[in-house]
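Work through these exercises with the model open beside you. Try each task before you read its solution.

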Amino acid sequence: MSAFSAIGEGKEIDRNDYTPGLEPQATWCPGCGDFGVLKALKGAAAELGKSPDEMLLVTGIGCSGKLNSYFESYGFHTIHGRSLPVARAAKLANPGLQVVAAGGDGDGYGIGGNHFMHSARENHDMTYIVFNNEIFGLTKGQTSPTSPMGHKSKTQPHGSAKQPLRPLSLSLTSGASYIARTAAVNPNQAKDIIVEAMEHDGFSHVDFLTQCPTWNKDARQYVPYVDIQDSEDYEFDNTDRREAAEMMHETEDALHEGTVLTGRYYVDSDRPSYQQEKQQIGEMPEEPLAERYFDDSYEWERSYDNFLDKHK
Amino acid sequence: MTNDELIWRIAGGSGDGIASTSQNFAKALMRSGLNVFTHRHYPSRIRGGHTYTEIRASADPVKSRGDGYNFLLALGDSFARNPQQNAYYGNEEIKPLSENLDELREGGVIIYDSGLLDASEIEDFDERVEENDWHVYDLDLRTMAREHGREVMRNTAGVGATCALAGIDLEWIEELMTDAMPEKILEPNLEILHEAYEMVESEYDVDAHDVKIPEGEHDEEQVLMSGSDAIAYGAIDEGCRFIAGYPMTPWTEVFTIMSQNLPELGGISEQVEDEIAAAALALGASHAGVKAMSGSSGGGFALMSEPLGLAEMTETPVVLIEAMRAGPSTGMPTKPEQGDLEHVLYTSQGDSHRIVFAPGTVAEAYTQTRKAFQIAYEYQIPSIVLYDQKLGGELVNVPASHFDEEPNPSLGSTLTEAEIADAPHDDSGKFSRFSYDTPEDNGVAPRSIPGQKGGRFLATGNEHMPEGHISEDPENRVFQMNKRMRKLEAIREELDGEVVNNSEYGEEDAQYGFLTFGSQQGTVEEAVDRLNEDGHSVKMLGVSEMAPYPVEQVSEFIESVDEVLVVEMNASAQFRGLTQKEVGRYGDKLSSLLKYNGNPFEPQDIVEGFEVNIVENDDHPHTRTKYVPAAGD
Ligand SMILES: Cc1ncc(C[n+]2csc(CCOP(=O)(O)OP(=O)(O)O)c2C)c(N)n1
Ligand code: SF4
């Protein structure tokens with residue numbers, strides 16, 4: 001029997017199962033977009049029938065990183081920008097876990113940019129949700145990598161001279177196999193997208209537009225959004241890389257002009273995940289590695305029997 | 001210094017096969033029954049540039065490279081020439097001969113490849129030969145190799161000639177070549193080996209000198225191992241099946257050995273984007289229930305500082321390997337130093353703690369790596385194996401039985417689902433993983449692993465409550481802090497009961513003591529023997545536990561002698577500083593012997609250092625003797 005019996009339990013799960021009994025020390029401001037992510041994630045987990053004990057939620061640092069305090073599951077609240085490498089390894093160690101990583105735009109696209117690029121490139125089977133509020137929330141409103149050009153903050157008093165980073169395009173060129181953008185102001189779409197992302201076999205990246213009413217009052221996330229999948233104006237094939245790329249550029253331009261487009265931008269269901277690739281070339285065991293440590297009948301190999309001959 | 005030893009130096013250019021030839025030669029000598037010790041000297045360059053390896057072989061135990069050497073095989077640097085540009089890289093062409101003469105002992109033997117090296121380019125060569133009574137054999141090894149179709153076989157020709165001159169039975173070499181070489185290249189290599197041997201035997205007087213191979217016998221089977229091998233095998237035997245890393249000299253060796261072996265054992269190796277990621281992956285894998293490691297050298301380890309602290313705060317077991325090289329910054333990539341001690345002890349913010357082992361020998365590298373895993377997983381704390389480029393790269397013979405130990409796949413203090421069900425939970429169903437009550441009162445609360453039913457908790461780098469929720473409550477803070485610190489006392493107690501770690505050497509009632517750590521241990525032991533033979537009265541303590549520090553054992557050692565000379569390879573006496581900080585007294589009893597020119601101590605350095613500091617300098621016991629970098633180093 002598996003030592004991890006919570007995995008695949010498949011019982012009826014209610015969104016309230018993901019609500020901690022303890023009142024977390026209140027850290028999110030009233031009206032914060034982060035509540036929208038929480039709601040969508042709870043809804044998605046319940047819809048997928050995942051038990052809180054089979055989910056591992058790995059976060060970075062920021063207001064976004066506090067998601068763990070509000071969401072009941074196994075959690076690892078790591079350090080600024082480093083949720084992805086922790087999450088990746090946990091999934092490699094035990095592919096049975098439902099692994100979700102989350103962080104802010106500063107966390108994920110700034111300090112953790114390198115990990116984002118490489119996790120997408122490797123196509124790890126996991127979901128990455130970035131709370132994109134175009135600002136550093138927790139450290140009180142400094143300019144972030146997604147803040148628009150000219151954005152003024154205490155550390156950029158003359159306005160930012162930098163172009164904002166384009167998370168969707170970056171994700172695509174890096175190699176993510178599922179890329180979507182959604183917004184806290186649309187909980188239904190957000191939930192559906194997170195369900196798909198969690199079901200997707202590969203690296204699924206969700207750029208989640210969240211408002212920060214405390215530090216970023218003029219952000220465009222308040223503007224009514226357009227769901228591109230519902231709108232006839234934006235028909236394109238989201239399984240085609242080039243069409244997806246063009247659409248992403250259009251979306252990223254439009255955001256800075258005041259139109260918020262959301263939806264699924266790229267879905268590649270054919271590409272094997274990193275775990276599968278690694279198994280193919282013989283660099284990863286078929287059975288979850290973590291199970292082995294609980295299997296009393298497993299015969300552990302040792303150096304004396306395996307490697308010493310070549311030193312004799 | 002015993003004359004009953006062969007110290008063979010093979011010199012040439014990087015990329016010319018010096019390393020593999022010397023490794024095989026060392027193994028052949030080991031198989032013939034001798035004890036061997038190899039020392040590598042190489043530049044931070046991939047191809048070309050002067051490099052050498054020394055093999056010391058004796059029937060007696062060998063613990064260091066020794067002082068100087070008595071047999072030089074100078075092969076020439078094929079990369080010193082650049083035919084396209086008709087250019088030479090400075091005067092490096094002759095280096096394999098010219099650079100090595102200073103340390104060649106009186107009466108020593110030189111074979112040089114006259115096909116590549118021209119002794120007449122070296123000023124005073126003949127005078128020096130005369131003065132030192134060297135025996136010189138100029139053999140055109142290059143032409144001989146070319147005639148056999150492959151110039152790289154100059155090495156084999158040189159080995160054949162060495163065997164003839166040193167009286168080494170060819171059988172040992174043949175057997176080894178047969179084991180190690182693919183059939184296609186075996187035949188011509190065997191031919192050239194014999195041809196060189198016979199040519200030297202018939203055309204030269206092989207008895208003109210008295211540098212001869214000693215005879216020895218092992219009473220049990222030996223294996224030729226480097227410190228890097230021993231660390232990797234120690235990890236594997238402790239059930240480590242996950243490694244994440246990023247290359248950096250000299251840590252790369254451990255990373256490579258693990259990566260080459262783990263997939264066959266059903267494990268996982270990940271080369272990732274940087275060292276922050278590497279350490280974070282090791283944490284992620286460990287959190288999910290796998291024995292995991294990462295590691296690096298100075299600069300890469302600096303990047304691991306934050307994940308290291310996270311491991312302590314979240315009580316996630318992990319083993320990190322730190323391979324020191326000369327710093328600061330990128331320093332001297334291929335040169336040993338022990339300058340990262342403080343870096344490893346104190347990096348990361350807050351009152352953070354880690355366990356640090358610094359093995360002194362290849363054999364200890366194996367046992368202490370195993371111990372590092374045991375402590376990490378039992379006590380849920382990061383532990384570090386600190387070693388240096390010297391220990392990582394040196395090949396020595398170790399009894400094979402040393403590795404004949406049972407594997408230990410235990411994950412340490414974890415719970416089964418049944419045990420979790422009986423443990424306290426909060427209202428939401430979260431398991432009190434960071435509970436105040438620890439069963440053994442040693443600060444350790446057993447953990448659950450993600451996917452276990454009923455075990456969910458939050459691991460966070462912020463201060464947290466028993467179930468993991470972030471908290472700045474003052475009372476909880478003090479509780480959690482004390483709980484984490486309690487582990488250190490328990491670990492200290494556990495280590496005090498072990499005999500494997502800190503090694504004492506010499507007469508128990510000696511008058512003076514040496515204190516050293518890490519790779520210098522063997523060299524100091526040899527110096528202790530020599531000093532005692534010369535009528536001094538000295539002993540040594542090689543400390544392997546850097547944190548928690550063995551205060552009691554070191555205090556007793558210091559108390560038992562009049563003065564202590566602390567030997568370490570860095571410029572700021574970091575180990576002496578640590579000792580003084582930890583034992584809190586005896587400051588006036590300790591003085592330092594420091595070397596930081598990129599080369600490790602040799603026994604003679606320590607003998608001289610003892611004479612300068614202790615014998616001649618009685619009034620100033622705290623002076624530091626420093627070894628000034630030699631020109632060209
Ligand atoms: C290495 C490091 N640098 C800086 C910080 C301080 N810090 C904490 S959160 C944060 C920014 C968070 O911004 P973002 O990721 O956009 O998340 P938000 O708070 O907006 O959700 C920073 C700079 C830190 N914790 N660690
Ligand atoms: S500061 Fe902004 S991002 Fe942070 S909780 Fe408040 S509203 Fe949300």
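**Exercise 1.** How many residues of the shell around ligand 2 are nonpolar, how many polar and how many charged?

*Solution.* Remember that this is a predicted model. Step one: list the shell. Around ligand 2 stand Thr27(A), Trp28(A), Cys29(A), Cys32(A), Cys63(A), Asn133(A), Cys212(A), Pro213(A), Thr214(A) and Trp215(A). Step two: sort them by class. Seven are nonpolar, three are polar and none is charged.

**Exercise 2.** Describe the largest pocket and its lining.

*Solution.* Start with the volume, which is about 1,200 Å³. Next, find the centre. The lining has 49 residues, and the closest to the centre are Ala19(B), Ser20(B), Gln23(B), Arg40(B) and Glu253(B). Then ask which element gives the most: H1(B) does, with eight residues. Finish with the classes: 14 nonpolar, 24 polar and eleven charged residues.

**Exercise 3.** Which strands stand at the edges of the nine-stranded open sheet, and why is one side of each left without a neighbour?

*Solution.* First, write the order: S9(A)-S10(A)-S7(A)-S8(A)-S4(A)-S3(A)-S1(A)-S2(A)-S17(B), with mixed pairing. Now read off the edges. S9(A) (225–227) and S17(B) (458–460) each have a single partner strand, so one side of each has no neighbour in the sheet. Neighbouring strands are turned by 20 degrees against each other on average, direction ignored.

Notes: Residues are numbered from 1 along each chain as its sequence is written. Chains are lettered from A and ligands numbered from 1 in the order in which they are written. This is a predicted model: local features need pLDDT of at least 70, side-chain atom pairs count only at pLDDT 80 or more; totals for chains, interfaces and linings use all residues. Side-chain values use heavy atoms; hydrogens and water are left out. A residue is near a molecule or strand if one of its heavy atoms lies within 4 Å of it. Ala, Val, Leu, Ile, Met, Phe, Trp, Tyr, Cys and Pro count as nonpolar, Asp, Glu, Lys and Arg as charged, and the others, Gly among them, as polar. On a 1 Å grid over the protein atoms alone, a cavity is a set of points where a 1.4 Å probe fits but cannot get out, and a pocket is an open set with protein on both sides within 12 Å along at least five of seven lines; lining residues have an atom within 4 Å of a point. Grid points are joined across faces, edges and corners, and a volume is the space filled by probe spheres set on the points. Helices (H or I, at least four residues) and strands (E, at least two) are DSSP runs, numbered from the N terminus. Two strands pair if DSSP finds at least two bridges between them. Axes are lines fitted to C-alpha atoms, for helices over the stretch in contact, and angles run from 0 to 180 degrees between N-to-C directions.
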